[in-house]
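Dear colleague,

I am passing on the structure we spoke about, and below it you will find what came out of going through it. Please read the notes with the structure open beside you.

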Amino acid sequence: MTPNDTPPAARRLRSSQGISRRAFLDRTGAAAVTGMAAGSILASSVAAPEAQANQPAARVPDSTPAMSSPGRFEYLPINDRPVIKWPNNARVAFWVAPNMEFFEYLPRSRPAQPDIPSYTRNDYGNRVGFWRMLEVFQRHKIRACCCLNLELLDHFPEMKNAMVSENWDYMAHGVYNSRPIYDYTLEQERAYWKDFIEHTQALTGKRVLGRLGGGAGYTVNTDDLMAEAGCLYHTSWIIDDQPVPINVKGGQKFIFVPYTGQTNDAGMLSINREADYFLQMIKDQFDTLYREGAQSGRVMCLSLHPHNIGRPSAAKYLDQALRYIMSHEGVWHTTADDIAKYYIANYYDQFKARAAEITQRHAATA
């Protein structure tokens, strides 16, 4: 199968039709703001001029529809939590997250406009960069948990076979990197999760337990539907250096596993830095987390993209970074799947109990 062929699996998901619930809410919210603003103007126009002059300027609250917090997390400062001890008393749980992506030449969002730069950048990674990156992983015995564009498994069976052979874990990262799910209805997203989990398991033998949004996007229902489908974690939030529980409607034990926007090779292109700079960032990040992990365990993620780190000028710095990290004692080389399982089994309930205690204390003093 050539990269431009559309495999049968690519046609499993139907595109959304009509106005989405989010678009409806956006429109009605905008109308509500317009109505409130008009009411304020009318009220001010009939007030007596002298009364207005004698009154201090009133603070006008921002009436723009918004949600200041997702309501998914309890707040516990990192210095006021149950102490985490990783297996073998490791200080740092270290996991590597290759982003295995496929960007369509003619995305659905603009079917008459070829996106040659995005397509070719990712295609270089799949033709060349992946294999160069894989050699470095094998040298250091790295078992990865990849952020997977589902259809890559169908487009490139050679890559799928290599990942299976290395016993990688897989977390969802969209069907293609060019098809976000922002406008999916509840039922469309529920079907999306069923398809993603079943198809990945059929081709790799592994059960998808987590997700990184990225180009795949998200909806307000994503965490609830993931937990409903039997997943354990979502990495997109990037709010902490330790796992923390995520509240979901069904009450399942579901958590955030730390991903990274810092030790992420996407920055090499976005800020126009070269790989030696990225190497130093990795070392500095590790050194801090390793020091802090002596008190309570930390998580470090190394996020990679084959089209970046697999370039001829970059791969040697990945080799140096992995050699540096793996030379330290007290490092648990693991995957996001295993971090999630360990944390849920050992620390989820402790965190929730501590958060409830703090909430009760605040309520008593309010």
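**A surface patch and the loop it draws on**

Y105 is partly exposed, its relative accessible area being 36%. Please keep in mind throughout that this is a predicted model. Y105 lies in the loop between strand 1 and helix 3 (116-139), and together with L106 and I116 it makes a nonpolar surface patch of about 270 Å².

**An enclosed strand**

Strand 7 (residues 298-304) gives another picture, since seven of its seven residues are buried, so it is largely enclosed by the rest of the structure. In a regular strand the side chains alternate between the two faces of the sheet. Here both faces are covered, with R298, M300, L302 and L304 buried on one side and V299, C301 and S303 buried on the other. Strand 1 (residues 92-100) runs parallel to strand 7 and is joined to it by seven bridges, and within this pairing V96 stands opposite L302.

**Cysteines**

How many disulfides does a search of the whole structure find? The search finds zero. For C146, which is in no disulfide, the nearest cysteine sulfur is that of C145, 6.7 Å away, whereas a disulfide would need the two sulfur atoms to be within 2.5 Å. C146 is buried, with a relative accessible area of 0%, and C231 also counts as buried, at 3% relative accessibility, because the cut-off for buried is under 20%.

With best regards

Key: Residues are numbered from 1 along each chain as its sequence is written. This is a predicted model: local features need pLDDT of at least 70, side-chain atom pairs count only at pLDDT 80 or more; totals for chains, interfaces and linings use all residues. Side-chain values use heavy atoms; hydrogens and water are left out. Buried means under 20% relative accessible area, exposed over 50%, partly exposed in between (1.4 Å probe, protein chains only). Helices (H or I, at least four residues) and strands (E, at least two) are DSSP runs, numbered from the N terminus. Two strands pair if DSSP finds at least two bridges between them. Patches are made of residues with over 30% relative accessible area and no salt bridge: like charges are joined within 9 Å, nonpolar side chains (Val, Leu, Ile, Met, Phe, Trp, Tyr) within 5 Å. Accessible areas come from the Shrake-Rupley method with a 1.4 Å probe; for residues, only the protein chains shown count as cover. A salt bridge is a side-chain nitrogen of Lys or Arg within 4 Å of a carboxyl oxygen of Asp or Glu.
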